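Dear colleague,

Please find below the structure that I am handing over to you, followed by a short account of what was found in it.

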Amino acid sequence: MAVNLVNVEQVSKVYGTRALLDGVSLGVSEGDRIGVVGRNGDGKTTLIRMLAKLEEADSGRVTHNGGLRLGVLTQHDSLDPQATIRHEVIGDLADHEWAGSAKIRDVLTGLFGGLALPGFEHGLDTVIAPLSGGERRRIALAKLLIAEQDLIVLDEPTNHLDVEGISWLAGHLRARRSALVCVTHDRWFLDQVCTRMWDVQRGTVHEYEGGYSDYVFARAERERIAATEESKRQNLMRKELAWLRRGAPARTSKPRYRIEAANELIADVPPPRDTSELMKFANARLGKTVFDLEDVTVQAGPKTLLTHLTWQLGPGDRIGLVGVNGAGKTSLLRALAEAARTQGDAQPAAGKVVVGKTVKLAYLSQEVHELNPNLRVLEAVQQVRDRVDLGKGREMTAGQLCEQFGFSKEKQWTPVGDLSGGERRRLQILRLLMDEPNVLFLDEPTNDLDIETLTQLEDLLDGWPGSMIVISHDRFFIERTTDRVMALLGDRTLRMLPRGIDEYLERRQRMEEAATPSAAPAPAKETAPAATVSPQAARAAKKELQKVERQLDKMSTRETTLHAQIAEHATDFEKVAKLDAELRELVAERDELEMRWLELAEDA
């Protein structure tokens, strides 16, 4: 029987006139892996701080098992600014001692990219004081993970980690014996790590078995049975459930909830996106040209990030852009945004960017631009426009869109200066969409947003007709909102990844293994010298590569249409047989085309 580690009994906490927690009773046992979710400001952080006895409850009590070894990662670290990374993370261990520990090597490699800590000027001997908040946070996480703990409490552990770092952390936590309580907005991470969920809502905590996918189903089912009046929220949960069931192609694990009940619950929920319809509408709004790049070089100061880039962003393309830090993701968006702002007059260091005449770009950068703090939320939105056309006959007022983004009628009259960081991020996205752009660049749009707001944003983007590039470390958001994934792998090229982020992680792992010198080099095999590709041939391969990618996109759209037609004519066996034959032929042709794509990618 699992030993109880922490008991929370009838705990209440009030701030001002608002009860964040009201008579909450919970427990954490050995082996528990608990994810904590809820809207920003509903008390998630307060709950785990009281759980860890970092904050006192107004009433009730929290008890720890005797001798409990507890590790806590808070929003603000307690590192000594005058100390070095070595002192804080490794302590007094000699080099041969820590280097001989598999756990320490794994943590340093997973969080910093190598034992020498590339990216830090003096490696382990770097002083902490001048480091950024993100770097300090990774150091605090490394210090916690290297220690032996019975219970780990983590508040937003994936902040400031890239896709590779998040994937490593999920695997590391799964392999640990420690119990875990984790607050995070990263839904992929919750699904990978957690086996129970706590949903903090209006002073109470609802418990669910399973990871995030199970939680979505169970919560939608609970709300349906209770016949709540929150129809909008319920519909969003059902739509997200439909997404999880029908799934992104890159999702490899299936939810564990009851299939029959889930199918019944989403029977009348449409697919997340009607891709064919959106492409037609995007073509009407944008024409044939959005961004065409030919032999482009992208630089950031003296550093060259991309060379000989020939690529096309077409009408209706929805691209997820991933890559190693410093590879040029943000620099590429800035170069395109500058070309759009000047209608093609501002060009990159080399090559040419052609911008479509009808392009109206909205660019959400990582920086939150300050608004007049005295403006009310609604006034800040109405400054842009009173009403917005969302396409396909859908129109919303500024007030309605504010409500969809979590600003209630009362909250709409809050001064901008009184908003939290996450609320300002929401307002920034809202103002961008109110301007009715037909091209969206979103650079880390999920920063500071809670899961409910992310779901609302995804729902809005589902029916948004235009071209879109998303940079994000949130795998779930990328898979949910985009149709293709492209990667910057640090070799100054842009590559399409047919299998999405899973393929990106595999490629990165192979690159790291190739860069690590083996203990004993294998004897050289007698092989023919590798053929070299001339610059002219490489450019020709890139052009053909773009052509193949467009063909693959069309095939994907046709495949989706065929699946829909087969479902529609399920009782007409003759019709289904013809459609199935066409589908098989299409899949075979696509496989051949993907092989050609791989050949061209090598040459390019």
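Helices α4 and α5 are roughly antiparallel to each other (over 145 degrees), because their axes cross at roughly 160°. Those axes, lines fitted to C-alpha atoms over the stretch in contact, with angles from 0 to 180 degrees between N-to-C directions, come within 10 Å. Here α4 covers residues 102–112 and α5 residues 133–146; helices are DSSP runs of H or I with at least four residues, numbered from the N terminus. Contact means heavy atoms within 4.5 Å, and among the residues that make it are Ile104 and Val107 of α4 and Leu141 and Leu145 of α5. The contact residues divide into 9 nonpolar, no polar and 2 charged; Ala, Val, Leu, Ile, Met, Phe, Trp, Tyr, Cys and Pro count as nonpolar, Asp, Glu, Lys and Arg as charged, and the others, Gly among them, as polar.

This is a predicted model, in which local features need pLDDT of at least 70 and side-chain atom pairs pLDDT 80 or more, while totals for chains, interfaces and linings use all residues. Residues are numbered from 1 along each chain as its sequence is written, and side-chain values use heavy atoms, without hydrogens and water.

A second pair is α6 (residues 163–175) and α18 (residues 500–515), whose axes come within 11 Å and cross at roughly 90°. That makes α6 roughly perpendicular to α18 (65 to 115 degrees). Their contact residues, including Val163 of α6 and Tyr504 of α18, comprise 4 nonpolar, 1 polar and 3 charged.

Yours sincerely

Conventions:
Helices (H or I, at least four residues) and strands (E, at least two) are DSSP runs, numbered from the N terminus. Angles under 35 degrees count as roughly parallel, over 145 as roughly antiparallel, 65 to 115 as roughly perpendicular and the rest as oblique.
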